[in-house]
Amino acid sequence: MSSSSSKQSRVSFASLTENNLGTVRKLNSVLFPIKYSEKFYQDILAPEVDEFCKLVYYNDIPVGTICCRFENKDDQNQLYLMTMGVLAPYRSRGLGSKALELVLAAASSHRPKIDKVYLHVQVSNDEAKKFYEANGFTLVSTHEGYYKKITPSDAWVLEKVVA
């Protein structure tokens, strides 16, 4: 049976490279109300974050991204989930959950050990908050004035301990 006649849609992930960075920029401009800096785009190409920064494909079409960075805080190795998004027409197909699973699996096998993953969600984005909570994240605080150029400026901080 050829794959085109199969009803099974394909979700795949690609490492970020100079060649697909333009696609990441384009997706980010559509997905997020924030313009990311040149440093952000250079940082996500670093080899050490390769497992934690991916383009998300649905049937070979780039439809989302996930990008994380390492942080050392309170004597813990933490993974900060900077951006994760899937284009609206492709949501509710498990793409975000699969991207998150990929990163969490990489985090749990990473050495040195990653203690937790955390992220910010704009307080108006209830859908994102529910998504992360459904994926095992816990609301730990509200960061007032986190966003400088968008309203509301407050963000929820959610985290998940890495097993």
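Here is a short tour of the sheet, the helices and the cysteines of this structure.

The model is predicted, so local features need pLDDT of at least 70 and side-chain atom pairs count only at pLDDT 80 or more, while totals for chains, interfaces and linings use all residues. Residues are numbered from 1 along each chain as its sequence is written, and side-chain values use heavy atoms, with hydrogens and water left out.

**The sheet**

Let's start with the strands. Helices (H or I, at least four residues) and strands (E, at least two) are DSSP runs, numbered from the N terminus. Two strands pair if DSSP finds at least two bridges between them. Here 7 strands make an open sheet with mixed pairing, in the order S1-S2-S3-S4-S5-S7-S6. S1 (11-15) and S6 (138-143) sit at the edges with a single partner strand each, so one side of each has no neighbour in the sheet. On average, neighbouring strands are turned by 30 degrees against each other, direction ignored. Axes for such angles are lines fitted to C-alpha atoms, for helices over the stretch in contact, and angles run from 0 to 180 degrees between N-to-C directions.

| Pair | Sense | Bridges | Residues standing opposite |
|---|---|---|---|
| S1 and S2 | antiparallel | 5 bridges | alanine 14 and leucine 55 |
| S2 and S3 | antiparallel | 6 bridges | tyrosine 57 and proline 62 |
| S4 and S5 | parallel | 3 bridges | tyrosine 80 and tyrosine 118 |

S2 and S3 also form a hairpin with 2 residues between them, and asparagine 59 in the turn has a positive phi of about 50 degrees.

S2 is mostly covered, with 6 of its 6 residues buried; buried means under 20% relative accessible area, exposed over 50%, and partly exposed in between (1.4 Å probe, protein chains only). Cys53, Leu55 and Tyr57 point one way from S2, and Lys54, Val56 and Tyr58 point the other way.

**The helices**

H3 (residues 95-109) lies across S1, S2, S3, S4, S5 and S7, running at about 160 degrees to S4. H4 (residues 126-134) packs on the sheet too, touching S4, S5, S6 and S7, and its direction makes about 10 degrees with that of S7. Contact here means heavy atoms within 4.5 Å.

H3 has 15 residues and reaches 22 Å from its first C-alpha to its last, close to the expected 21 Å; the expected span is 1.5 Å times one less than the number of residues. Its buried residues include Leu95, Ala99, Leu100 and Val103. Down the axis of H3, the buried residues fall within an arc of 165 degrees, so they line one face of the helix. The arc is that of the directions from the helix axis to the C-beta atoms.

In H1 (residues 21-31), the buried residues are Leu21, Val24, Leu27, Asn28 and Leu31. They cover an arc of only 120 degrees around the axis, which puts them on the same side of H1. What covers them includes H2 (38-43), S2, S3 and S4. The face of H1 turned away from the buried side carries the exposed residues Lys26, Ser29 and Val30.

**The cysteines**

A disulfide is a pair of cysteine sulfur atoms within 2.5 Å, and by this rule the count is 0 disulfides. For cysteine 53, the nearest cysteine sulfur is that of cysteine 67, 4.4 Å away. Cysteine 53 counts as buried because its relative accessibility is 0%, and cysteine 67, also at 0%, counts as buried as well.
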